[in-house]
Amino acid sequence: MSHKVEWRVHLYLSEDEGRTTARVELDTGSAALTGRGLARCNPDDEDVPVIGDELAAARALSDLGQQLVHAAERDLESVGAPPASRRPRPGYGWIA
């Protein structure tokens with residue numbers, strides 16, 4: 001079975017006075033999810049905006065990733081798979 005889709009992702013970063021926020025928006029065509037991340041510069045450290053961008057973006061992407069895992073678990077349960085708490089966890093892959 002061949003399956004091709006395109007998901008659109010937009011990442012928005014904003015920095016103000018040592019505080020960087022990130023918002024990542026995912027549009028799958030049938031669903032939309034938003035991940036958020038925050039990074040704050042320690043007042044004793046040099047303010048390097050790219051570091052705040054990287055940390056905030058990573059945290060927003062991680063948040064989005066967790067939302068996708070939860071969505072997949074709900075979808076699995078909707079087609080008859082046991083709840084995630086009763087499913088064995090594979091060491092790798094997506095077999096459920």
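Let's start with a pair of charged residues: the side chains of Arg23 and Glu25 come together in a salt bridge, with 2.7 Å from N to O. Keep in mind that this is a predicted model. Arg23 has a relative accessibility of 29%, so it counts as partly exposed. Glu25 is partly exposed too, at 28%.

How many salt bridges are there? The count is two. The other pairing joins the side chains of Glu6 and Arg8, at 3.1 Å from N to O. Here both partners, Glu6 and Arg8, are exposed. Side by side, the pairs look like this:

| Salt bridge | N to O distance |
|---|---|
| Arg23 and Glu25 | 2.7 Å |
| Glu6 and Arg8 | 3.1 Å |

**The overall layout**

Now for the whole chain. It has one helix and three strands, and going from the N terminus the order is β-β-β-α. The strands are S1 (8-16) and S3 (32-40), along with S2 (19-27). The helix is H1, covering residues 49-78.

The chain has 96 residues, and 20% of them are buried. As for contacts between residues at least 6 apart in sequence, 31% of them link residues at least 24 apart.

**The helix and what covers it**

Several residues of H1 are buried: Gly52, Ala56, Ala57, Ala60, Leu64, Ala71 and Glu73. What covers them? The cover includes strands S1, S2 and S3.

Nonpolar side chains in soluble globular proteins tend to be buried together. In this model, the largest nonpolar core is made of seven residues, namely Ala22, Val24, Leu26, Ala39, Ala56, Ala60 and Leu64. S2 and H1 each give at least two residues to this core.

Val24 is a handy member to look at up close. Which residues does Val24 touch, setting aside neighbours within four places in sequence? The list is Val9, His10, Leu11, Leu33, Thr34, Gly35, Ala60, Leu61 and Leu64. Two of these contacts, Ala60 and Leu64, are also on the list of core residues, and both are among the buried residues of H1.

Val50, Ile51 and Leu55 make up a nonpolar patch on the surface, and together they have about 240 Å² of accessible area. Leu55 belongs to H1. Is Leu55 buried or partly exposed? Its relative accessible area is 39%, so Leu55 counts as partly exposed.

One last stop is the loop between S1 and S2, where Glu17 is found. Glu17 is not a glycine, yet it has a positive phi of about 50°. With 76% relative accessibility, Glu17 counts as exposed.

Conventions
Residues numbered from 1 in each chain as written. Predicted model: local features only at pLDDT ≥ 70, side-chain atom pairs only at ≥ 80, totals over all residues. Heavy atoms only, no water. Patch = residues over 30% accessible without salt bridge, like charges linked within 9 Å, V, L, I, M, F, W, Y side chains within 5 Å. Areas by Shrake-Rupley, 256 points an atom, 1.4 Å probe, with all protein chains shown as cover. Salt bridge = Lys/Arg side-chain N within 4 Å of Asp/Glu carboxyl O. Helix = DSSP H or I, 4+ residues; strand = E, 2+ residues; numbered from the N terminus. Buried < 20%, exposed > 50% of the residue type's maximum accessible area, 1.4 Å probe, protein only. Core = buried A, V, L, I, M, F, W, Y, C linked by side-chain atoms within 4.5 Å. Contact = heavy atoms within 4.5 Å.
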